[in-house]
Amino acid sequence: MSESRSIRNEEEDYSPAAASRFITDDGELQEDFKKDLETEISRLCIKLEKKADEMSRSDSTVYTGHPGIAFLYMHLYKNVPTFQKFKYLKTALSHVEPFLSNIKLRKPSFVCGEAGVLAVSAVLLNQLNMKEKAEDCVKNLLKFHREVSDIDDKMCDEVLYGRAGYLFSLLYVKTHYDSGAVSSAAIESVIEAIITSGKGLALEEKSDLPLSYKWHNKHYLGAAHGMCGILYMLLQTRRELIEEYLDTLIKPTIDGLMSLRFPSGNYPSSYSNNSDKLVQWCHGATGFVLLLCKAYEVFDEQKYLDAAHDAADCVWDRGLLRKGYGLCHGVAGNGYAFLELFRTTRDTKYLYRAIKFGQFCMDYGQHNCRTPDRPASLFEGLAGTIYYLTDLLNAKRAAFPGFTVS
Ligand SMILES: [Zn+2]
């Protein structure tokens with residue numbers, strides 16, 4: 001069953017000897033491998049430029065539109081020496097500018113809404129010293145706030161379209177634009193709306209867990225549409241803002257989700273789905289590794305780290321997906337499970353596994369994987385693969401785009 005979704009992982013698993021080909025005794029990348037990675041990133045970027053020309057001019061999302069390409073160029077500018085030239089920030093700008101003049105504020109999330117292009121543009125324009133335009137983007141972003149924090153609004157809470165996605169946008173702007181641009185009170189009221197919404201649904205459904213969330217009438221559990229993503233976003237806010245919810249609401253909900261895990265270490269995609277099928281960021285183990293690592297950090301209990309290790313083993317076994325090399329439901333996205341565990345534990349085993357998934361991505365197009373609908377895009381296509389390879393260069397700082405605040 002799972003065999004058809006993934007390619008059997010025949011890569012040699014971690015041993016100190018196997019790892020020493022890529023990683024030094026100090027836990028850094030070997031110079032040779034670093035050079036290979038940089039060369040591959042440049043090669044794939046040439047490929048990307050051609051593909052990006054064919055992208056829809058009307059898709060304003062980070063997920064599949066031009067703003068996602070801008071986000072990648074900003075990442076390259078920050079992390080890859082050959083891209084540390086002003087012209088690459090200008091390239092990034094060319095991918096967002098057409099959307100800014102007449103933006104319609106429809107969805108408040110970072111990945112699939114206009115909040116994404118606004119947040120990315122604010123940071124980018126600021127870097128380019130275009131301060132006024134940057135401020136306009138932040139002003140527009142904050143226009144969503146009233147609607148998002150309105151607890152009577154029937155808005156969804158998940159990451160791709162809902163409140164948790166808006167929360168990411170605010171945290172991103174606070175971190176990369178100006179810590180004073182978004183007040184703690186603004187963040188607090190979004191958190192409160194997410195909590196109130198989850199408590200309300202749990203009560204209404206007489207749920208066993210204190211928080212419950214639905215998207216399109218289904219109880220999704222994964223990172224993209226489900227509880228895992230919402231809880232992860234809450235845990236990334238400043239502790240004092242969530243302190244009162246931690247032990248009574250957030251922790252018991254995470255513990256309840258953990259009780260649903262399959263023997264493989266994987267997690268169901270929704271309450272109604274009991275088959276152990278999907279191992280990817282959007283549904284299943286990968287998103288859970290990120291949540292569990294964060295829970296370990298916040299609650300300091302070994303059980304979260306143990307469960308993260310188990311989920312990561314499942315990603316290692318079944319994570320080379322036939323769906324391709326993308327972030328949302330592809331090999332690059334799955335590689336972030338290892339990068340997150342490496343960040344949390346500094347265990348070289350996970351950097352090694354992340355590198356092995358990276359090598360798979362470096363053989364882009366050679367495994368008969370499916371071609372995604374939007375082949376250049378950040379979340380489905382090549383831009384996401386390049387984003388991942390770039391994070392391998394700086395594994396200690398790696399962060400899943402649009403999801404991990406760093
Ligand atoms: Zn997906």
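A crossing of two helices is left-handed if the near helix is turned anticlockwise from the far one by less than a right angle. In this predicted model, the crossing of α13 and α15 is left-handed. The contact draws on T286, V289, L290, C293 and Y296 from α13. From α15 it draws on G333, N334, Y336, A337, E340, L341 and T344. By class, these residues are 7 nonpolar, 4 polar and 1 charged.

Two packed helices are described by the angle between their axes and the distance between the axes. For α13 and α15 the angle is about 15°, and the axes lie 8 Å apart. Angles under 35 degrees count as roughly parallel, so α13 is roughly parallel to α15.

The unreviewed UniProt entry places a "binding site" feature at C282, C328 and H329. These positions span 48 residues in sequence, yet no two of their C-alpha atoms are more than 6.2 Å apart, so they gather at one spot.

C282 sits in the loop between α12 (239–258) and α13 (285–299). C282 is buried, at a relative accessible area of 5%. Beyond its neighbours within four places in sequence, C282 contacts G222, A223, A224, C328 and H329.

C328 occupies the loop between α14 (302–318) and α15 (331–345). C328 is also buried, with a relative accessible area of 3%. Residues up to four places away in sequence aside, C328 touches Y63, Q280, W281, C282 and F379.

Methods: Residues are numbered from 1 along each chain as its sequence is written. This is a predicted model: local features need pLDDT of at least 70, side-chain atom pairs count only at pLDDT 80 or more; totals for chains, interfaces and linings use all residues. Side-chain values use heavy atoms; hydrogens and water are left out. UniProt positions are given in the numbering used here, feature names are shortened, and annotations may be inferred rather than shown by experiment. Helices (H or I, at least four residues) and strands (E, at least two) are DSSP runs, numbered from the N terminus. Buried means under 20% relative accessible area, exposed over 50%, partly exposed in between (1.4 Å probe, protein chains only). Contact means heavy atoms within 4.5 Å. Axes are lines fitted to C-alpha atoms, for helices over the stretch in contact, and angles run from 0 to 180 degrees between N-to-C directions. Angles under 35 degrees count as roughly parallel, over 145 as roughly antiparallel, 65 to 115 as roughly perpendicular and the rest as oblique. Ala, Val, Leu, Ile, Met, Phe, Trp, Tyr, Cys and Pro count as nonpolar, Asp, Glu, Lys and Arg as charged, and the others, Gly among them, as polar.
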